[in-house]
Amino acid sequence: MFKWTPSLSVGVEVIDRQHQELFMLFEDLSKDLQEEKGDVHVGRAIGFLEDYVRKHFTLEEKYMRVLEYPDYNSHRMQHEEFIESFNALKVHFEKRDMSLLASGITGVIYHWLVNHVSKTDKAMGEFLKDKIDNYYE
Ligand SMILES: [Fe+2]
Ligand SMILES: [Fe+2]
């Protein structure tokens, strides 16, 4: 269900690769919950996912700033909203409310992810893709 498809490509390789990884990490976490893996395992998966999300947002935001993307601020606000939703998920986990955690992942997070990638990130990719070749490190 948490599948990245080529229609979600934003046209910038490094960003597409990270998106694929993000979708896989969410899928793994949702499977872990279905299979009722232990709290330590799920906690570790959440921590790893959180680090990955932050790393991904930092990269996009860096490209947008350096290449002077005009919609930088509204894009960054969507990232912040996502972090808030993610923090809410962590609270479910801390309270060991696994069913709310599972429905949060499949509902809010998944739909946010698809929506954000297919619209907001795609628009950003259109702007960045021609300019980024000179900037790749
Ligand atoms: Fe983004
Ligand atoms: Fe993204």
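Guide: Buried means under 20% relative accessible area, exposed means over 50%, and partly exposed is in between, using a 1.4 Å probe and protein chains only. This is a predicted model, where local features need pLDDT of at least 70 and side-chain atom pairs count only at pLDDT 80 or more, while totals for chains, interfaces and linings use all residues. Residues are numbered from 1 along each chain as its sequence is written, chains are lettered from A and ligands numbered from 1 in the order in which they are written, and side-chain values use heavy atoms, with hydrogens and water left out.

Start with the iron ion (ligand 1). Its protein donors are E60 (OE), H75 (NE2), H79 (NE2), H116 (NE2) and D121 (OD). Donors here are N, O and S atoms within 2.8 Å of the metal (3.2 Å for Na, K and Ca); water is not among the atoms, so sites may look incomplete. The donor residues follow the sequence spacing E-x14-H-x3-H-x36-H-x4-D. E60 lies in helix α2 and H79 in helix α3, so this pair ties together parts that are 19 residues apart in sequence. Helices (H or I, at least four residues) and strands (E, at least two) are DSSP runs, numbered from the N terminus. Both E60 and H79 are buried.

Now the iron ion (ligand 2). H19 (NE2), H56 (NE2), E60 (OE) and D121 (OD) are its protein donors, at 2.1 to 2.2 Å. Their four donor atoms subtend angles of 82 to 168° around this ion, which makes the arrangement irregular. The cut-offs are these: four donors are tetrahedral if all angles lie between 85 and 135 degrees; four are square planar and six octahedral if opposite donors are over 155 degrees apart and all others between 65 and 115; anything else is irregular. E60 bridges the iron ion (ligand 2) and the iron ion (ligand 1), which lie 3.5 Å apart. H19 sits in helix α1 (residues 13-34) and H56 in helix α2 (residues 39-66), so that pair ties together parts 37 residues apart in sequence. H19 and H56 are buried.

The axes of α1 and α2 come within 10 Å and cross at roughly 160°. Axes are lines fitted to C-alpha atoms, for helices over the stretch in contact, and angles run from 0 to 180 degrees between N-to-C directions. α1 and α2 are therefore roughly antiparallel. Angles under 35 degrees count as roughly parallel, over 145 as roughly antiparallel, 65 to 115 as roughly perpendicular and the rest as oblique.

Last, the charged pairs. A salt bridge needs a side-chain nitrogen of Lys or Arg within 4 Å of a carboxyl oxygen of Asp or Glu. By this rule there are nine. One of them joins K37 and D32, with the closest N and O atoms 3.6 Å apart. K37 is partly exposed at 35%, whereas D32 is buried at 8%. D32, E35 and K37 are linked in a network of salt bridges. R76 and E80 form another, at 3.3 Å from N to O. They are four residues apart in helix α3 (residues 72-94), about one helical turn. R76 is partly exposed at 27%, and so is E80 at 40%. K129 pairs with E126 at 2.9 Å. K129 is partly exposed, with 30% relative accessibility.
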